[in-house]
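Trainee: Could you go through this one with me?

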Amino acid sequence: MPADTAAARTCPGRFADRVAVVTGAASGIGRAAALRLSREGAAVACVDRNAAGAAQTAAALRAAGARALDVACDIARSADVRAAAERIETDLGPVFALANVAGIGDVAGQDGIENLPDERWQQVLDVNVNGSFYWCRALLPGMAARGAGAVVNVSSLAGRSKSANANLAYTTSKAALLGMTRHLAFDYGRRGVRVNAICPGGVDTPMIRAAATLAAASPETAAARAKGLAAYQFFMPIQRLSSAEEQAAALLWLLSDDASYVNGVSLDVNGGLYMA
Ligand SMILES: NC(=O)c1ccc[n+]([C@@H]2O[C@H](COP(=O)([O-])OP(=O)(O)OC[C@H]3O[C@@H](n4cnc5c(N)ncnc54)[C@H](O)[C@@H]3O)[C@@H](O)[C@H]2O)c1
């Protein structure tokens, strides 16, 4: 099936009368998830540190007649997440679905761990691990009290194996997210809240293109990267990057009642590049 058909697919009403929070909603997988959740009936809080991008996504949802809120928030800041969660529940109502999509990549130290400074290591963990933790902590207790909720954390093939494009901090952060997913799934499954993760392979979004730009600081690194990406695609059974919409399709399935007995999984969405 070609990647572009995923954009048009929808299960009407699957999230009717439900409130969903999507972080990273300004771009890529988060934007695709927000659009589809809205098409399937959810009121969506579009969270991103890119305020203009979040506003653009929310405006697109509202233009189609849906309820949507844009929320400018740096997910690496605990107090900002708490305030954002409170605002969302006041404006849209109790949250049923949380998609922790926002994340960053980095290439520092790819040539050696000695070139990975504290602040770059910390920044990746702050966003990719702490950000999801802050959102889970803000919203899971309410879901549990109501006995209904679903969370999807967006990890990566990097968390299942190792990153092909980003650095040690990225791989570490995405593996940590899978541990967080399993632990929360155990603790909250018995209270009516499912917690799962998706592990995308290569996705054609600004993130993968930004990694290319950063790595291309010199002609040598650019050439090495081009070679790496070509090899990456050569070994993919489905020989292309996925679309953001294909990732959103898997994410929405896990958030939906269609996955009512699925809890604590790390779902590989990588075209068969890594199988385990
Ligand atoms: N693109 C890929 O190949 C790929 C592969 C595996 C996993 N992923 C994961 O998928 C998720 C989404 O990535 P994408 O490819 O859509 O990237 P993207 O760059 O298109 O989107 C990421 C979004 O997250 C937002 N964001 C980043 N840091 C933030 C912060 N501190 N607070 C709030 N928002 C923040 C950005 O502003 C952006 O809108 C990430 O967690 C990424 O690690 C991507």
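Trainee: Is the crossing of α3 and α4 left-handed or right-handed?

Mentor: The crossing of α3 and α4 is right-handed (the near helix is turned clockwise from the far one by less than a right angle). Bear in mind that this is a predicted model, where local features need pLDDT of at least 70, side-chain atom pairs count only at pLDDT 80 or more, and totals for chains, interfaces and linings use all residues. Residues are numbered from 1 along each chain as its sequence is written.

Trainee: At what angle do α3 and α4 pack?

Mentor: Helix α3 (residues 78–91) and helix α4 (residues 118–146) pack at about 35°, with their axes 9 Å apart; helices are DSSP runs of H or I, at least four residues, and strands are runs of E, at least two. Axes are lines fitted to C-alpha atoms over the stretch in contact, with angles from 0 to 180 degrees between N-to-C directions.

Trainee: Which residues make the contact?

Mentor: Ser78, Val81, Arg82 and Ala85 of α3 meet Tyr134, Trp135, Ala138 and Leu139 of α4 (C-beta atoms, placed from the backbone, within 7 Å).

Trainee: Switching to α2, which of its residues are buried?

Mentor: Ala54, Thr57, Ala58 and Leu61 are the buried residues of α2 (20 or more other C-beta atoms within 10 Å of their own; exposed means 12 or fewer). They cover an arc of only 95° around the axis, which puts them on the same side of α2, the arc being that of the directions from the helix axis to the C-beta atoms.

Trainee: What do they pack against?

Mentor: The buried residues of α2 pack against α1 (28–39), β2 (43–48) and β3 (68–72), whereas Ala52 and Ala63, on the other side of α2, are exposed.

Methods
Contact = placed C-beta atoms within 7 Å.
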